[in-house]
Amino acid sequence: MDLGIAGKRALVCASSKGLGLGCAEALAEAGVNLVMNARGAEALEEAAAAIRAAHGVEVTTVAADVTTAEGQAAVLEAAGDVDILVNNAGGPPPGMWSDWDREDFIKALDANMLAPIALMKALLPGMMDRGWGRVVNITSQSVKSPIAVLGLSNSARAGLTGYVAGTSRQVAGKGVTINNLLPGIHATDRAVSLDNGVASQQGISIEEAKANRCATIPAGRYGTRQEFGAACAFLCSQHAGFIVGQNILLDGGGVNSTM
């Protein structure tokens, strides 16, 4: 399917690895020029070089922490007038409700709520002026089904979801859509980290921890970054202009819900 976005320009945050990289790859395959961001310069440059070689698109890299004001300023300066924004940032650490203090919540909010809001506020006006734009926020299945040990993530991402619910309806008339992708467990560094945590907590091997988690997914496996990226690219396409303010699960059936 021709997504109709060849020649567009996208800012993809936290895109040197994992789900962000999957989104960048899928957009590049559709002919989109990229501004890729990540904290680690080496991994970012490697990913950008691979995408240039594979798809022949323009790729600008910005090594910066997008959860900080300085990082956001650097990314926005490099991005310029982008047509597509993919918000993404690593999730806060797991723990128990009694572990977290105010500063822990502030860090989670800065990374997973306030940073994407800041980038949307900066880039939405230009999209609206041009009459076309796409924003995809990578959040979590925990927005629909909270995960007890991820209380920081539950809280921050739920806040972003509420913001998008209202804002998306205000900008849709200008040809701009905002939607959220809610990943379940995917084969990324984040999954490895969580598997390690489960293994340590339960005194089992990492392989056993992964097998136990796979057993909780109706699809029987972890998702891939390629599957996730393809869904993101579709939401950014010309065919998705009537999808507004939605929270779309990519979880292999993990969340048992009728809505």
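Residues are numbered from 1 along each chain as its sequence is written, and side-chain values use heavy atoms, with hydrogens and water left out. Because the model is predicted, local features need pLDDT of at least 70 and side-chain atom pairs count only at pLDDT 80 or more, while totals for chains, interfaces and linings use all residues.

**The sheet**

Helices (H or I, at least four residues) and strands (E, at least two) are DSSP runs, numbered from the N terminus. Two strands pair if DSSP finds at least two bridges between them. Strands of a sheet pair through backbone hydrogen bonds, either parallel or antiparallel. In this model, seven strands form an open sheet in the order β3-β2-β1-β4-β5-β6-β7, and the pairing is parallel. The edges are β3 (59-63) and β7 (247-250); each has a single partner strand, so one side of each is left without a neighbour in the sheet. From one strand to the next the twist averages 15°.

Four bridges link β1 and β2 in the parallel sense, and Arg-9 has Asn-33 in β2 as its bridge partner. β5 and β6 also run parallel and are joined by six bridges; here Val-135 stands opposite Ile-178 in β6.

Helix α8 packs on this sheet and touches β4, β5, β6 (176-183) and β7. Contact means heavy atoms within 4.5 Å. The direction of α8 makes about 165° with that of β6, where axes are lines fitted to C-alpha atoms, for helices over the stretch in contact, and angles run from 0 to 180 degrees between N-to-C directions.

Buried means under 20% relative accessible area, exposed over 50%, and partly exposed in between (1.4 Å probe, protein chains only). In β2, six of six residues are buried: Asn-33, Val-35 and Asn-37 point one way, and Leu-34, Met-36 and Ala-38 the other way. In β6, eight of eight residues are buried. Val-176, Ile-178, Asn-180 and Leu-182 point one way from β6, and Thr-177, Asn-179, Leu-181 and Pro-183 the other way.

**The nonpolar cores**

A nonpolar core is a set of buried Ala, Val, Leu, Ile, Met, Phe, Trp, Tyr and Cys residues joined through side-chain atoms within 4.5 Å. The largest has 34 residues, and Ile-5, Leu-27, Leu-34, Met-36, Ile-51 and Ile-84 touch the most other members. Elements that each supply at least two residues of this core include β1 (9-12), β2 (33-38), α2 (41-55) and α8 (225-235). The most comes from α1, with seven residues. A second, separate core has 23 residues, among them Val-66, Leu-123, Val-135 and Val-164.

Leu-34 belongs to the largest core. Leaving aside neighbours within four places in sequence, Leu-34 is in contact with residues including Ala-10, Val-12, Leu-27, Ile-51 and Val-59.

| Residue | Helix | Relative accessible area |
|---|---|---|
| Gln-72 | α3 (69-79) | 13% |
| Met-120 | α4 | 0% |
| Leu-124 | α4 (102-130) | 6% |

The contacts that follow leave out residues up to four places away in sequence. Gln-72 touches Asp-65, Val-66, Thr-67, Ala-115, Ala-118 and Leu-119. Met-120 is in contact with residues including Leu-85, Asn-87, Val-135, Leu-160 and Ile-178. Leu-124 touches Val-135, Thr-167, Val-176 and Ile-178.

Met-120 and Gly-40 are 80 residues apart in sequence and 23 Å apart, C-alpha to C-alpha. For Leu-124 and Thr-61, 63 residues apart along the chain, the C-alpha atoms are separated by 21 Å.

**The cavity**

Rolling a probe the size of a water molecule over the atoms shows where empty space is left. On a 1 Å grid over the protein atoms alone, a cavity is a set of points where a 1.4 Å probe fits but cannot get out, and lining residues have an atom within 4 Å of a point. Grid points are joined across faces, edges and corners, and a volume is the space filled by probe spheres set on the points.

The whole structure holds one cavity of 30 Å³ or more. The largest cavity contains about 100 Å³ of space. Its lining has 13 residues, of which Asn-87, Asn-88, Ala-89, Ala-111 and Pro-116 lie nearest its centre. α4, β5 and α5 (151-171) each supply at least two lining residues, and α4 gives the most, with five.

Conventions:
On a 1 Å grid over the protein atoms alone, a cavity is a set of points where a 1.4 Å probe fits but cannot get out, and a pocket is an open set with protein on both sides within 12 Å along at least five of seven lines; lining residues have an atom within 4 Å of a point.
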